[in-house]
Amino acid sequence: MNFKIKEGWRKEKVSDSLPEVFSSIHIPKKSGFWRKYLAFAGPGLMIAVGYMDPGNWATDIAGGAQFGYTLLSVILISNIFAMVLQHLSVKLGVATERDLAQACRDHFSPTTNVILWILCEIAIAACDLAEVIGSAIALNLLFGIPLTWGIVITTIDVLLILLLQAKGFRWVESIVGGLIFIILICFGYELIISKPEINQILGGLVPQKEIITNPAALYIGIGILGATVMPHNLYLHSSIVQTRDYDRDRAGKKEAIKFATLDSTVSLLIAFFINAAILILAAATFHTTGNQHIADIHDAYKMLTPILGASMASIAFAIALLASGQNSTLTGTLAGQIVMEGFLNIRLKPWLRRLITRLIAVIPALIVAILYGEKGTTDLLVLSQVILSMQLSFAVVPLVMFTNDKSKMGEFVNKPILKISVWIISGIIIVLNLYLLYQTVFG
């Protein structure tokens, strides 16, 4: 058969992204706005999970405790960047019917692809590391389970995920949505009892000069940016948006991009609320009471009850942390499958893929927990966020290149104003990450 090769792409697409769930979720054709929106809703929540994983908690707590509400504006700006980049990811997946990894394999040389794949696997392992440590800390806080045993227990969730994936993609999305709802309720409760100053919150949303002039504030600010925009989310979103059974013609793709962008934007607003809530809680509880030294999850947990006087405060905090850790597990596994299949065209059984990813994260976490205990795992959590920051540029630049290229995107190519905006965002991310790398090595 003589396939017509799509203009701008060197090779015909070999296989669909995540073929076992590709186009598996029904989209009602002739129905109202809300039914359509609900049919498309789901992938956005799975993306939002990466924006509220345990790694974010560490940077948000440190930022709130040290600088009060000042760094709220950094969370807001990071979220706006995230919304724009996830929109590009949706466009790439829908318009070209390739995920970001497949697009890279077509465009770059085999050597470049292997390097990009290795970098992406490191980012997924770093994210998994944050999830392992976060879940182990939560189990330790809730049930007194030692960190080392908590880390071992987190390997068991492999079985849970396999069970879910076998039931269909909507199951995975529902569990993620349910866990996000738990986190929301926990932080809603925390905010009510911590009684933050509304005026100061609103003031914190406006960027302050101190963020640039104070090196400590700048360092944590960049950490928040690095912990917010997750590199593997860009690969993940460009794939899972294709699980919807929309018409693969011009009108169908246009509608899919509209609803999928709406889904991710609403979900990222929820992620913004949760990240902002962690920082506001730290500011209202620690900064205002002279506990500016609080910088990690353990300290925050121990201090919440004595300061707020509500025993449920720390329990709600730990439950939210456990939910956050479990959520990140689900999306990390899928991202790993997408990048391995997309870059290398290698298909592994999901349980094997999950086990490899998890062991890469568990082994360093176990060693550090045994040798250095609580302090060591906190440092490892911060290191995982620095690794993620450094990997971000390698996912953002190809995404921007492809969506700005008319020969690849056709009529769905970025409009001139968006082209300029996304290169500015990419430039800011690259410069800030280089600064973060410099500070981490020499600072």
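Helices (H or I, at least four residues) and strands (E, at least two) are DSSP runs, numbered from the N terminus. The model is predicted: local features need pLDDT of at least 70, side-chain atom pairs count only at pLDDT 80 or more, and totals for chains, interfaces and linings use all residues. Residues are numbered from 1 along each chain as its sequence is written, and side-chain values use heavy atoms, with hydrogens and water left out.

**Stop one: the core.** Select Phe 187, Ile 297 and Phe 317. They have the most contacts inside the largest nonpolar core, a set of 131 residues. Such a core joins buried (under 20% relative accessible area, 1.4 Å probe, protein chains only) Ala, Val, Leu, Ile, Met, Phe, Trp, Tyr and Cys residues through side-chain atoms within 4.5 Å. Now colour helix H14, residues 250–285, which gives the most to this core: 17 residues.

**Stop two: the largest cavity.** A cavity is a set of points on a 1 Å grid over the protein atoms alone where a 1.4 Å probe fits but cannot get out; lining residues have an atom within 4 Å of a point. Show Ile 61, Ile 278, Leu 281, Ala 282, Phe 286, Ala 300, Leu 304 and Phe 317, which line the largest cavity. H14 gives the most to this lining, with 3 residues. Helix H15 (297–308) supplies at least two.

**Stop three: the second largest cavity.** Select Phe 40, Pro 43, Gly 44, His 237, Val 241, Arg 244, Ala 260 and Asp 263 for its lining.

Conventions: Buried means under 20% relative accessible area, exposed over 50%, partly exposed in between (1.4 Å probe, protein chains only). On a 1 Å grid over the protein atoms alone, a cavity is a set of points where a 1.4 Å probe fits but cannot get out, and a pocket is an open set with protein on both sides within 12 Å along at least five of seven lines; lining residues have an atom within 4 Å of a point.
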